[in-house]
Amino acid sequence: ALLAGCHMGAARSLIALGRPAEARPHADRAVVLLGRWPGWRQAEALALQHRLAGSGLAAVNSGTSSLTAREREVAALVAEGLSNGEVARRLYISTKTASVHVSNILAKLGLANRTEIAAWALRSGLAG
């Protein structure tokens with residue numbers, strides 16, 4: 001899992017530098033390494049791989065249709081800067097459920113972190 005995290009970090013860094021072709025092998029390797037470890041890390045690696053393939057970027061640009069109504073609510077609250085615990089209290093759900101919603105948003109949109117969720121929410125009109 002640690003090595004996969006290193007590959008994902010390298011891929012994200014290369015994406016930020018505008019070198020997606022060099023990032024692709026790192027994302028692919030992370031997916032392979034996490035193949036036996038289902039869960040949020042694997043979902044994150046698959047989302048990064050999707051992002052590099054272009055489908056994740058298309059999802060980001062397609063609007064809010066790929067998210068459930070609850071995920072859109074969570075994204076808007078994340079954009080306000082709320083923690084998972086604060087989101088949970090606001091929506092009357094458990095902190096774990098809020099965390100799962102955040103992970104699902106990241107995976108569906110091919111985003112890397114909460115900051116990217118906030119930026120996406122602002123661009124798509126969910127937050128203002």
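Predicted model: local features only at pLDDT ≥ 70, side-chain atom pairs only at ≥ 80, totals over all residues.

**Entry: α1 and α2.** Helix α1 spans residues 2-16 and helix α2 spans residues 20-33, and I found them packing at an angle of about 160°. Angles over 145 degrees count as roughly antiparallel, so that is the word for α1 and α2. Their axes lie 8 Å apart. I also noted the hand of the crossing of α1 and α2, which is left-handed.

Which residues make this contact? From α1 I listed L3, A4, H7, M8, A10, A11, L14 and I15. From α2 I listed P20, E22, A23, H26, A27, R29, A30 and L33. I then sorted the contact of α1 with α2 by class, and it has 12 nonpolar, two polar and two charged residues.

**Entry: α5 and α6.** Next I turned to helix α5, residues 69-79, and helix α6, residues 84-91. Their axes come within 10 Å and cross at roughly 125°. I wrote down α5 and α6 as oblique to each other. What hand does the crossing of α5 and α6 have? I found that α5 passes α6 in a right-handed crossing.

For the contact, I noted R70, E73, V74 and L77 on α5, with V87, R90 and L91 on α6. By class, I have four nonpolar and three charged residues here, and no polar ones, in the contact of α5 with α6.

**Recap for myself.** I keep α1 and α2 as roughly antiparallel with a left-handed crossing, and α5 and α6 as oblique with a right-handed one.

Conventions. Residues numbered from 1 in each chain as written. Heavy atoms only, no water. Axes fitted to C-alpha atoms, helices over the stretch in contact; angles between N-to-C directions. Helix = DSSP H or I, 4+ residues; strand = E, 2+ residues; numbered from the N terminus. Parallel < 35°, antiparallel > 145°, perpendicular 65-115°, else oblique. Left-handed = near helix turned anticlockwise from the far one by under 90°. Contact = heavy atoms within 4.5 Å. Nonpolar A, V, L, I, M, F, W, Y, C, P; charged D, E, K, R; others polar.
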